[in-house]
Amino acid sequence: QKEVEQDPGPLSVPEGAIVSLNCTYSNSAFQYFMWYRQYSRKGPELLMYTYSSGNKEDGRFTAQVDKSSKYISLFIRDSQPSDSATYLCAMSRASGSRLTFGEGTQLTVNP
Amino acid sequence: EAQVTQNPRYLITVTGKKLTVTCSQNMNHEYMSWYRQDPGLGLRQIYYSMNVEVTDKGDVPEGYKVSRKEKRNFPLILESPSPNQTSLYFCASSYSSGRATYEQYFGPGTRLTVT
């Protein structure tokens with residue numbers, strides 16, 4: 001069983017929709033939770049990170065962590081065609097420890 | 001412009017022919033790392049380096065070598081490539097190993113095909 005599970009999609013939504021992307025994990029020691037965005041033929045770039053539980057908002061993006069359920073989410077409000085990319089969740093146990101990535105969800109926002 | 005560069009971007013080679021993929025960063029980062037990305041498996045760490053002359057194995061180090069003689073460069077060496085090393089490779093860097101826990105800057109990727 002993978003430590004981090006992420007539905008690869010693909011997910012296709014109309015412009016303006018609210019998008020929900022999710023990951024589940026099995027290792028309760030994870031403390032840092034990240035979302036990376038990867039455009040086609042590019043390297044991943046950090047979108048947001050959260051330490052421990054709770055919510056974090058940055059513009060149209062909201063990251064949520066529910067450690068009791070071992071479940072993290074990324075919400076995108078008012079989605080735009082420029083949001084079309086693969087979204088990777090990543091987690092780590094402690095400062096200095098390695099990242100464990102989900103396999104990514106491919107998102108397409110249609111104009 | 002702050003960036004991580006990789007060369008070559010695309011490479012097709014044959015089994016057993018030694019190759020090197022270069023990685024360079026201009027941000028004075030201490031931490032550098034190599035990943036491979038495969039369908040269904042996501043990103044997996046190959047090797048990492050916390051500073052010059054300090055390297056360690058990641059999750060999938062078999063068949064790879066690295067060196068860190070200068071802070072800005074972190075080449076990935078495949079001494080005898082095999083078809084199962086066909087993959088998309090990413091170099092990444094961060095200010096420190098602690099910062100790398102949550103923030104890494106990735107290069108554009110190198111697509112390697114071994115026939």
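1. A polar contact here is a pair of N or O atoms within 3.5 Å; within protein, one must be able to donate a hydrogen and the other to accept it, and residues adjacent in sequence count only if both atoms are side-chain atoms. On that basis, chain A and chain B share five residue pairs in polar contact, both residues of each pair being at pLDDT 80 or more. The pLDDT condition applies because this is a predicted model.

2. Three strands of chain A, namely β4 (32-38), β5 (45-51) and β9 (85-92), each supply at least two residues of the side that touches chain B. The largest share, four residues, comes from β4(A). By type, the residues on this side of chain A are 10 nonpolar, seven polar and five charged.

3. In extent, the interface puts 22 residues of chain A in contact with 21 residues of chain B. The area buried between the two chains is about 1600 Å², and carbon and sulfur atoms give 55% of that area.

4. How many salt bridges are there between chain A and chain B? The count is one. A:R98 forms a salt bridge with B:D59, and their closest N and O atoms are 3.1 Å apart.

5. The largest nonpolar core has 24 residues, and those touching the most other members are A:W35, A:I72, A:L74, A:Y87 and A:M91. Elements of chain A that give two or more residues to this core are β3 (19-25), β4, β5, β7 (61-66), β8 (71-76), β9 and β11 (105-110). A second, separate core holds 19 residues, including B:C23, B:W34, B:Y64 and B:L76.

6. A:T50 lies in strand β5 of chain A. Is A:T50 buried or exposed? A:T50 counts as buried because its relative accessibility is 6%, and the cut-off for buried is under 20%. Apart from neighbours within four places in sequence, A:T50 is in contact with A:Q31, A:Y32, A:F33, A:K56, A:A63 and A:V65.

7. In chain B, B:T13 belongs to strand β2 (residues 10-13). With 9% relative accessibility, B:T13 also counts as buried. Which residues does B:T13 touch, not counting residues up to four places away in sequence? They are B:L19, B:L112, B:T113, B:V114 and B:T115. For one of these, B:V114, the separation from B:T13 is 101 residues in sequence and 5.0 Å in space, C-alpha to C-alpha.

Terms used
Residues numbered from 1 in each chain as written. Chains lettered and ligands numbered in written order. Predicted model: local features only at pLDDT ≥ 70, side-chain atom pairs only at ≥ 80, totals over all residues. Heavy atoms only, no water. Contact = heavy atoms within 4.5 Å. Buried area = accessible area lost by both parts, 1.4 Å probe. Salt bridge = Lys/Arg side-chain N within 4 Å of Asp/Glu carboxyl O. Nonpolar A, V, L, I, M, F, W, Y, C, P; charged D, E, K, R; others polar. Buried < 20%, exposed > 50% of the residue type's maximum accessible area, 1.4 Å probe, protein only. Core = buried A, V, L, I, M, F, W, Y, C linked by side-chain atoms within 4.5 Å.
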